[in-house]
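Please look at the sequence and the 3D structure below. The questions that follow go from single residues to the whole chain, and each answer ends on what was asked for.

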Amino acid sequence: MQRVAIFGASGYGGVELARMLLDHPGFDVTYLAGHSTAGKRVGEIYDHLPPLADRVIAEGNLAEAMDTADVLVFALHPGDGTTMVAEAVAAGRPTLDFSADFRLASRADYEQYYGPHPMPELIGKAVYGLPELHREAIKATNFVAVPGCYPTSGTLALAPAVAGGLVDPDSLIVDSMSGVSGAGRALKLTSHFSEVNESATAYGVARHRHTPEMIQELGTLGTPVKLTFTPHLIPISRGILSTCYGTLTGSPSAAEVQSAYEEFYAG
């Protein structure tokens, strides 16, 4: 049984992970931490996790977490947990980071989209946690950068076509629509019901932070790629629909395309 600590446990990513772990026989959630919700019981915030209802959310202390857990998960905003992540990695603990702090292997790419990195010496040290592409590397590491939401959908949709040479790698387009919960629990103007309802909005056009993630990961499949990404916010609670395009390099049949995808994802 692996004991798990979750920092940022009251956010949407953290609580969804807690829900999944409760259903897994190999894990026990032993430590929950949050900043704005510290001191509250889980049941006061979420009523769909009865086994954790009376668990009190801690302010967040890394030493306490390492005393009570084997695996450390940081479901925090970029920059908020970087120091703790670095300490956990240095201590040799299995560490998963939900933020974008360690997804990009290039410091220049990170700083172009996010600004100065708080822990640049760790850039490129984490394994990008997309098991469909990096399963063996994930097994061998203690440090995983959990992929972003849009990059997961776009990368998995295009990977077989790129790897199989079915599309021109300079022609890629990812057109995505996301529910409001993708923005997290912190309320901002663009998340208000009156701003989102009966509306669809493109945002981060030509500069969204998830663009370099997809370029990086698709570029590991044999050749560098060029990619245009446009996300849209739509009035649903959760979920993503990504429609992905690339100019065909030949004239494959539908059966040949399907075969390429089945072969890439076999097993």
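A residue is called buried when its relative accessible area is under 20%, exposed when it is over 50%, and partly exposed in between (1.4 Å probe, protein chains only). This is a predicted model, in which local features need pLDDT of at least 70 and side-chain atom pairs count only at pLDDT 80 or more, while totals for chains, interfaces and linings use all residues. Residues are numbered from 1 along each chain as its sequence is written, and side-chain values use heavy atoms, with hydrogens and water left out.

Q: Which residues of helix 9 are buried?
A: Helices (H or I, at least four residues) and strands (E, at least two) are DSSP runs, numbered from the N terminus. Helix 9 covers residues 211-218 and is mostly covered, since 7 of its 8 residues are buried. The buried ones are T211, P212, E213, M214, Q216, E217 and L218.

Q: Which elements do the buried residues of helix 9 pack against?
A: Packing is judged here by contact, which means heavy atoms within 4.5 Å. By that criterion, the buried residues of helix 9 pack against helix 5, strand 5, helix 6 (131-139), helix 7 (149-163), strand 7 (172-178) and strand 9 (227-233).

Q: Is H117 buried or exposed?
A: H117 lies in the loop between helix 5 (107-113) and strand 5 (127-128), and leaving out residues up to four places away in sequence, H117 touches T82, D101, F102, Y110, E111 and I123. Its relative accessible area is 7%, so H117 is buried.

Q: Which residue has its backbone nitrogen 2.8 Å from a polar atom of the side chain of H117?
A: A polar contact is a pair of N or O atoms within 3.5 Å; within protein, one must be able to donate a hydrogen and the other to accept it, and residues adjacent in sequence count only if both atoms are side-chain atoms. The backbone nitrogen that lies 2.8 Å from a polar atom of the H117 side chain belongs to M119.

Q: How far apart in space are V15 and Y46, C-alpha to C-alpha?
A: V15 is found in helix 1 (residues 12-22), and at 6% relative accessibility V15 counts as buried. Not counting residues up to four places away in sequence, V15 touches A9, Y46, H48 and L49. V15 and Y46 are 31 residues apart in sequence, and their C-alpha to C-alpha distance is 8.5 Å.

Q: What is the phi of E198, a residue other than glycine?
A: E198 is found in the loop between helix 8 (193-196) and strand 8 (201-202), where E198 is exposed with a relative accessible area of 75%. Its phi is positive, near 55°.

Q: What is the phi of A206, which is not a glycine?
A: A206 lies in the loop between strand 8 and helix 9, and with a relative accessible area of 72% A206 is exposed. The phi of A206 is positive, at about 65°.

Q: What is the radius of gyration of the protein?
A: The protein has 10 helices and 10 strands. For 267 residues the globule rule gives 18 Å, and the computed value is close to this, so the protein is as compact as a globular protein of that length. The radius of gyration is taken over C-alpha atoms, and the globule rule is 2.2 Å times the number of residues to the power 0.38. The radius of gyration of the protein is 20 Å.
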